[in-house]
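Student: I am new to this structure and would be grateful for a close look at one part of it. Please take the place where two of the chains meet, and then place it in its surroundings.

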4 protein chains.
Amino acid sequence: MLKAGLRLGGCARAWRSVRMASSGVDRQKPLANKVALVTASTDGIGFAISRRLAQDGAHVVISSRKQQNVDRAVATLKGEGLSVTGTVCHVGKAEDRKQLVATILDINVKATALITKEVVPEMEKRGGGSVVIVSSIAGFSPFPGLGPYNVSKTALLGLTKNLALELAPKNIRVNCLAPGLIKTNFSSVLWMDKAREDNIKESMRIRRLGKPEECAGIVSFMCSEDASYITGETVVVGGGSPSRL
Amino acid sequence: MLKAGLRLGGCARAWRSVRMASSGVDRQKPLANKVALVTASTDGIGFAISRRLAQDGAHVVISSRKQQNVDRAVATLKGEGLSVTGTVCHVGKAEDRKQLVATILDINVKATALITKEVVPEMEKRGGGSVVIVSSIAGFSPFPGLGPYNVSKTALLGLTKNLALELAPKNIRVNCLAPGLIKTNFSSVLWMDKAREDNIKESMRIRRLGKPEECAGIVSFMCSEDASYITGETVVVGGGSPSRL
Amino acid sequence: MLKAGLRLGGCARAWRSVRMASSGVDRQKPLANKVALVTASTDGIGFAISRRLAQDGAHVVISSRKQQNVDRAVATLKGEGLSVTGTVCHVGKAEDRKQLVATILDINVKATALITKEVVPEMEKRGGGSVVIVSSIAGFSPFPGLGPYNVSKTALLGLTKNLALELAPKNIRVNCLAPGLIKTNFSSVLWMDKAREDNIKESMRIRRLGKPEECAGIVSFMCSEDASYITGETVVVGGGSPSRL
Amino acid sequence: MLKAGLRLGGCARAWRSVRMASSGVDRQKPLANKVALVTASTDGIGFAISRRLAQDGAHVVISSRKQQNVDRAVATLKGEGLSVTGTVCHVGKAEDRKQLVATILDINVKATALITKEVVPEMEKRGGGSVVIVSSIAGFSPFPGLGPYNVSKTALLGLTKNLALELAPKNIRVNCLAPGLIKTNFSSVLWMDKAREDNIKESMRIRRLGKPEECAGIVSFMCSEDASYITGETVVVGGGSPSRL
């Protein structure tokens, strides 16, 4: 089941879903007995989220397009005593792949929708679950020069609301994380230039870039029973950057 | 130029662009000397917008996928003494077409982006212009059962912000209309059932469905010099239905 | 009636209401046969709105706290052939006044609510009407150092939604204008310093401050029959400054 | 210090602040070594938040206007082995009190601002802190018939952004909780009538009212180091009720 899900669209960059069955809440291990599938999770925000979910008790499935990246991430987390396995996600047929990665909109939006639907039956069997989609503050206020990326991130805000509506009867909650400027390889184009970094920090209340770990706690929270009445919501982790009211 | 634009993506449902050169403002004919290209404009909201822009002084280019629909709309408006021409928009190559209409996301988002970029050079020659994208209130608060449509409408809210950012240096403003439930053929699935219509009206402040004409004035306004300092904004025409703050 | 209304709270800074009875729509004079009461209207945005409403056919009642300012504004607009009268709004009893001007929140929010309610019976007699509240882009994204002002402007976004809900059954629409940085005496503290002005313009898509006249058209539009299905909405006139999605 | 703070405005209904010094993070007791002041905390959402913060390691100061309510709440939580103390907040001078409780806007907005400023020096001494303001989903989409309440809740969304901006240099984060319809005594007017409750549930994705405990986890999270890069944000706990994008 999982395998199929990953084959379809699990390599989508910038998307992470967390799947779990509910169980008794445990303050130390709020995600005990849960299984979390985190896509694009071998570095940056995805890796930080994986580590945190594992620390909070979940068994985490690391996934990415490249075997060596998956192996490295799994080894690191196992070395920390965490319960993880890895899987390379690859799209079977070449034409499907072309279709899939054709555009950022496809990757970020359609793949997210597809893989979510793929894991839904498994969640239903377990009595419910939780999905956390990763959008971006650029979905509210565009980063200059990154049009298609920005638009795809806006679309994810809508996808969150739509999946929340659609999956509520199955006891599946769907929420969204919108990171601001977080210091990762992916975002380095935005902050490598010192002048640009300074300029960006001007608009932040907290005058520094965020760290991947600072995005991980809210994902764990959203997956836990503590968020049982929260669905369809987006939380911005942006150091107070202007976004919306 | 225009022809090329239409060939690319002008038949996109739910997208209307208005192009114009600035000139002295005239209260009676605020759109005098302007040319407006309105896509999907042979009935419903698109037709009402075309009529209004023509009444306000613009020369309007009606466009749609079917010759007979274009002919009928043009004849009607000419019969009212308005300045209009028609053009059938069709995608030249079959494979492009398939690609284009593959999904609602493609049609509503990519085609909108493509045709906008297609008309930009013409607008630049005229010293500037104005684009009005048609999203939907479903972009803020999803209509049940219409997931892909809803998500594409959310994406258009982001596209508006992105194009506004990108095209401001060329003196082109980009804004967005988000109709609520308007009584058209397209939306009939939502209100044909009396019980459903009643239920929907419950959440509106103005207890009736909107009329296509009630969407037209704001588009004319957004295209006029009166909106010279408005860009990147979305106006909801929804009878007070809940949307956002 | 009107007098009483003004005595209560009509001198509220940053609030303008427009009252009118519906009549046949006329493209040249969309506000013919309507009476508009504009508070705080002797200079800046309020004055530009008054002029525009009068140009569009309304009889405009200019109002402010100081007789000489009212006289000057009325004389100017009469000199342009427009139909205007003036009224000084002053709070009768000293204790009321103290209460009223006690805080920015009181002035901007309570006075707006009170004066709206005061004019409602008159609007009802005429079969309906339209109110336009003036908030600010600072209601979405705060101006540094202006906390109470910013919060009062956020509250006005909520007041707009509440009054729209409450007054819809009386055929009264309530909408809101949120100006960005407009070049007026009031906002001069924000742009007098050249460096500060440059810095602010950085975040705008249209790289200049707005003019009061650029806020006037949308108010006239919101008051006209063209906006018959628009209520509870806020339109930002901010040159593309980031605000909300 | 604390006493003074409470005397000023600590009895504000619908406001809860949490004050703490940072320390090493501990997964079991994420709020260890922190002191939390929770206003209006003797029942409903405030009480659930107090219990949760204490369970997560904070020493909690319960506060309310009535001695007997404070005593009861403190006794209950002490009986659970939690570290709590109580304080009655009362406004010393009668005229101040009258001023304070004059209107809902005063109580909900000004008192929140005042008491926050009152605890800031104490937070600064400890090297930083965290404030969580309690607004409501009614701040985004008004509850019918509750105008002043709704507007005050919208104002709190703005206050959150303003305090976040103002207090960031002092290492104090300010966030906001916007509960949807939660089953408490306070909200009983909205759900006591079965028909009304059913009607409200129609618009929720999760078809039931929320429980006070479901609002508590997010407050604990916002106060913990896990939220170190989150400020100025509002999280809706509303079972998927429509609010904003």
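How many salt bridges are counted between chain C and chain D?

Tutor: The count between chain C and chain D is 0 salt bridges. Please keep in mind that this is a predicted model.

Polar contacts between chain C and chain D amount to 2 residue pairs, with both residues at pLDDT 80 or more. On the side of chain C that touches chain D, the elements giving two or more residues are α5 (104–125) and α6 (147–167) of chain C. Of the elements on that side, α6(C) gives the most, with 10 residues. Sorted by class, the residues of chain C that touch chain D are 11 nonpolar, 6 polar and 3 charged.

The contact itself takes 20 residues from chain C and 20 residues from chain D. The size of an interface is often given as the accessible area lost when the parts come together. For chain C and chain D this buried area is about 1,600 Å², and 75% of it lies on carbon and sulfur atoms. Within chain C, the residues that lose the most area to chain D are L105(C), V151(C) and N162(C), which together account for 29% of what that side buries.

The contact of chain A with chain D can be described in the same terms. This contact takes 41 residues from chain A and 41 residues from chain D. The area buried between chain A and chain D is about 3,600 Å², with carbon and sulfur atoms giving 57%. Here the count is 2 salt bridges. D226(A) forms a salt bridge with R52(D), and the closest N and O atoms of this pair are 2.5 Å apart. Across the interface of chain A and chain D there are also 16 residue pairs in polar contact, both residues being at pLDDT 80 or more. On the side of chain A that touches chain D, at least two residues each come from α2 (44–55), α6 (147–167), α9 (213–223) and β6 (234–237) of chain A. The residues of that side divide into 18 nonpolar, 12 polar and 11 charged.

One residue of chain A with a neighbor in chain D is R173(A), which touches I206(D). R173(A) is found in strand β5 (residues 172–179) of chain A. It is buried yet has no salt bridge, and the nearest side chain of opposite charge, that of E225(A), is 5.7 Å away.

In chain B, the side chains of R51(B) and E80(B) meet in a salt bridge, at 2.6 Å from N to O. This pair links distant parts of the chain, 29 residues apart: R51(B) is in helix α2 (residues 44–55), and E80(B) is in the loop between α3 (67–79) and β3 (84–88) of chain B. R51(B) counts as partly exposed because its relative accessibility is 22%, and E80(B) is likewise partly exposed, with a relative accessible area of 37%.

E197(B) takes part in two such pairings. With K183(B) it meets in a salt bridge of 3.7 Å, N to O; K183(B) lies in the loop between β5 (172–179) and α7 (188–191), whereas E197(B) lies in helix α8 (residues 194–202) of chain B, 14 residues apart. K183(B) is partly exposed, at a relative accessible area of 41%, while E197(B) counts as buried, at 11% relative accessibility. The side chain of E197(B) also meets that of K201(B) in a salt bridge, at 3.6 Å from N to O. These two residues are separated by about one helical turn because they stand 4 residues apart in helix α8 of chain B. Elsewhere, salt bridges that share partners join R52(A), D56(A) and D226(D) into one network.

Terms used:
Residues are numbered from 1 along each chain as its sequence is written. Chains are lettered from A and ligands numbered from 1 in the order in which they are written. This is a predicted model: local features need pLDDT of at least 70, side-chain atom pairs count only at pLDDT 80 or more; totals for chains, interfaces and linings use all residues. Side-chain values use heavy atoms; hydrogens and water are left out. Buried means under 20% relative accessible area, exposed over 50%, partly exposed in between (1.4 Å probe, protein chains only). Lys and Arg count as positive and Asp and Glu as negative; His and the chain ends are not counted. A salt bridge is a side-chain nitrogen of Lys or Arg within 4 Å of a carboxyl oxygen of Asp or Glu. Contact means heavy atoms within 4.5 Å. Buried area is the accessible area (1.4 Å probe) that two parts lose on being put together, summed over both. A polar contact is a pair of N or O atoms within 3.5 Å; within protein, one must be able to donate a hydrogen and the other to accept it, and residues adjacent in sequence count only if both atoms are side-chain atoms. Ala, Val, Leu, Ile, Met, Phe, Trp, Tyr, Cys and Pro count as nonpolar, Asp, Glu, Lys and Arg as charged, and the others, Gly among them, as polar. Lists of a residue's contacts leave out its neighbours within four places in sequence.
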